[in-house]
Structures are given as C-alpha cells and as structure tokens.
Amino acid sequence: MNIFILHPSFPAQYLNFAPYLASNPENTVHFMSKENSINSQLKNVTLALYQKPNEKAEEWIQTCGPLRPAAEAVVEGQAVVRAMEWMARERHIRPDIIIAHTGWGSTLYCKDLYPKVPILGYFEWFYRAEDSDCYWWPDEIPQMQNRISIRSRNAHHLLNLDLCDAGITPTKWQYEQFPEEYKPKLNIIHEGIDTNFCSPDPSGTRPGLVLDDVQINLPEGTEILTYVSRGFEMYRGFPYFMDAIRIVLQRRPKLHVIVVGKDRICYGAQLKDTTYLQEEEKKGGYDTERVHFVGLRNRGDYQKILRASSCHVYLTRPFVLSWSFLEAMSFGCPIVGSKTPPVEEVMEDNVNGLLAEFRSPYHIARKIEEILDDRELAKKLGERARETVLERFELMKCMRAQEDLMYSLVR
C-alpha cells in the first residue's frame, strides 16, 4: 500500500508508528509535513515537506476572530491538497489510505481529492465550555465570549469527525469529550510507550545524575525530585509545583529539584509581558543552588534524569494526558500525580502512585514527602507504575492495534 501520513510537524504522534508501517516491505510510507521538528529522518519513511502559509494567508487568518482556528485549518488543508496534487502529477504517487492528526486541518479536503481513499484520523481533543479543561472547578465560570470562542474552536473538528472513516483517540478521558453521535467512529488506542527505552536503570538501583553542560553532578543516593513539561504553564500546574517545592526544600536541606522544559506556553493563555518562570523568580523563596532548570533535553539525558528520580511530579488540568507521565511510570518512578480525570484514569491512589489536589501546593508537598520518607512505599509505587504501562500502553501492542484498525478500512 501507499500510506500517506499527515501532520504539520514531523514526526509528532507518528514517531514510532510511521517506521513500524514502513518496516513492512508491502508498504510505502510518505509523511507529509510543514516542518521537520526533529531535523532528522525515520527509517524507510519518505518525508515530503509542503509550503507554510504565505504572508497574505497569515494576514487573513488574523482577521477571523473566534474562527481563527478554523481559518488556520482551512489554510493548512489547502496546502496539503496542493501537495498531494503535485505528488500525483509529478511523482505519480497516490494514497491507498491516509493516516493523519486532524487537529490542524490537514485532512479537511482530502476526500474532495480522493473520495474513495479511507482516512484514519487521530482525534486529540474536543473543546467544551464546562466540565472540561477550560472550566472544571466550580469557581471557574465562563463568560459568553469564552463560550463563543470555545464553540467556534470545534468547527474544523466537527468537519473532520464527519469526513474521517474511523478515528483514534488515546485515552477514555479524551474520548469522553467528543459528541455522542461521533463516538461510534472513535477507537481508544494510545500511541504506545517504548518500555525498553523508558525502563529503570539496569543496575537495579537508582543512580546519581551527571549533566556536564549545566554543571550538575549529583552522586548516587541524592534525593532528586523531577518535573517534566514542554512549557511552564498553568495547564501543567507549574505555579503549584513551584509553591510545593518551596515547602519541601525548607524541610529537606539535601533535596535537589530537576525541572525539564522551556519557559513558554504550549497550552492555555499567555501572560501579558511576562512568563510563569519569570513570575516565580520574582517571588523567590527557594534555593536556586538546588533547583536546576535544565531546559529541553535530548532523549539520552531525559532517560538519565528519570532513572535518577527519587520522586516525580506530574500535574495537569483535565486535559490531554502527557506522554511524559506514562514514560515516568514506565521508568518506574514513584509519582505524585494530580487528582484530575486524565491522571485518575491511569493512576490509583496508593497503588501505582499518590494523588494530590491539583490546586493545593501544601497537599502536593505532603505527598512528595510521603514518597521521600518511605522508600519501601516508593519502591512499591514505582514497580506497580511500570507494570501498569506494560499492561496497557506497551508500544508494540498499541501499534498493532492501530495497524489492525488501518487494515479494517482498506478494501
């Protein structure tokens, strides 16, 4: 088969699945994207880059108000179709199936070009004004303009739900966000976790941590608290985490904190003229010699950091569940997770982790100390966390489930 995979930022959710499909000699895999985010290649996968929006398109998008996400999706969908037409005309390549992340509009016009080619869509999120990511707690009340904006964000998602032949969504929590009438099309299949790479240290012990470029050299036995997020933002509880470590650091003079991520917003609203990290630095109140902001790290460093972790903290609003959470579980980290639905779907309190109130730094701090104080508890939680990932999210199991769904769509 000729398999087309679409995502505007290569390789995204298809980092493992694309080369898995390409390893089958019966398949030819073409990955169509706007940019190569890893500046690398995937084995046997042909990367086809299409043009980014021109200045005129960008200017038009800015005029669309609440429909701006839909406008961005329209521009993206047009760019993909133009690239597909070029591939058919100049390279005589046409897809037998299209696999795509639907969130950016890549698939919007594929059926207009290839009406009979099945589309397997990846559906990450459907926005709701209540009981979801934007307004979950009782004191969070959306105003009418918020409701208008949130409803409008779903315009292209609804088009994609209608046109795709089948869809994948990673977790039950994400599945529950979608309208009832479209749920029969959706299948709960996670992308999968590489449990071989994300595994405890082969020595069976928790090693120290050396990161030469940021002058970190922590010997074996050091108490190390870890936090990982692509951005430092409210959606992933960064301010609550910082308030929690202020408490814990005062009580534990030998504790070190490793924070992986970048001072940016990936989800949620931007702050005006500042960032969350800048605000935390203004507040101070923590030992900067023991709190290490190490930036975004390569996979090798990431593995070293989580293998060295004495306790890992993962916080999230009721939103998309991060890969880093499941990977930390696979590493066997004892975890303090937020008592929010996406985490509770995977983590049971005092079984494979400890749950804490998302908006309570004092509760988060207390749970961190429970793990640091009781190494038998930490060992039990870490082992069971890894078992959970092996049972439910192991990479090969998930990829085979995706592959089976793909073949069910092809004549």
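# Terms and values in this model

Reader: Why is Glu59 called partly exposed?

Author: Glu59 has a relative accessible area of 47%. Buried means under 20%, exposed means over 50%, and partly exposed is what lies in between (1.4 Å probe, protein chains only). A value of 47% therefore makes Glu59 partly exposed. This is a predicted model: local features need pLDDT of at least 70 and side-chain atom pairs pLDDT 80 or more, while totals for chains, interfaces and linings use all residues. Residues are numbered from 1 along each chain as its sequence is written, and side-chain values use heavy atoms, with hydrogens and water left out.

Reader: Where is Glu59 found, and how far is Glu59 from Pro142?

Author: Glu59 belongs to helix H2, residues 55-62. Helices (H or I, at least four residues) and strands (E, at least two) are DSSP runs, numbered from the N terminus. From C-alpha to C-alpha, Glu59 and Pro142 are separated by 29 Å in space, and by 83 residues in sequence.

Reader: What makes H8 and H9 roughly parallel?

Author: Helix H8 (residues 238-251) packs on helix H9 (residues 276-283) at about 25 degrees, with the axes 10 Å apart. Axes are fitted to C-alpha atoms over the stretch in contact, and angles run from 0 to 180 degrees between N-to-C directions. Under 35 degrees counts as roughly parallel, over 145 as roughly antiparallel, 65 to 115 as roughly perpendicular, and the rest as oblique. H8 and H9 are therefore roughly parallel to each other.

Reader: Which residues make the contact of H8 with H9, and how do they divide by class?

Author: H8 supplies Phe238, Pro239, Met242, Asp243 and Arg246, and H9 supplies Tyr276, Leu277, Glu280 and Lys283. Contact means heavy atoms within 4.5 Å. The residues of this contact divide into five nonpolar, no polar and four charged. Ala, Val, Leu, Ile, Met, Phe, Trp, Tyr, Cys and Pro count as nonpolar, Asp, Glu, Lys and Arg as charged, and the others, Gly among them, as polar.

Reader: Why is H8 called oblique to H13?

Author: The axes of H8 and helix H13 (residues 361-373) come within 8 Å and cross at roughly 50 degrees. That value makes H8 oblique to H13. From H8, the contact takes in Tyr240, Asp243, Ala244, Ile247, Val248 and Arg251; from H13, Pro361, Tyr362, Ile364, Ala365, Ile368, Glu369 and Leu372. By class, the contact of H8 with H13 has ten nonpolar, no polar and three charged residues.

Reader: What makes H5 and H6 roughly parallel?

Author: Helix H5 (residues 144-153) and helix H6 (residues 155-163) have axes that come within 4 Å and cross at roughly 30 degrees. H5 and H6 are therefore roughly parallel to each other. The contact is formed by Arg151, Ser152 and Arg153 of H5 with Ala155, His156 and His157 of H6. These comprise one nonpolar, three polar and two charged residues.

Reader: Is Cys398 buried or exposed, and what of Thr388, buried or exposed?

Author: Cys398 has 5% relative accessibility and therefore counts as buried. Thr388, at 4%, counts as buried too. Thr388 lies in helix H14, residues 375-392. Leaving out residues up to four places away in sequence, Thr388 touches Met329, Val346, Asn352 and Phe393.

Reader: Why is His92 called exposed, and why Gln215?

Author: His92 has a relative accessible area of 63% and is therefore exposed. Gln215, at 68% relative accessibility, counts as exposed. His92 lies in the loop between helix H3 (68-90) and strand E6 (97-101), and Gln215 in the loop between strand E10 (209-211) and strand E11 (216-218). Neither is a glycine, yet phi is positive: near 55 degrees in His92 and about 55 degrees in Gln215.

Reader: What is omega of the peptide bond that joins Phe10 and Pro11?

Author: Omega is about 0 degrees, and the bond is cis. Pro11 is in the loop between strand E2 (9-10) and helix H1 (17-22).
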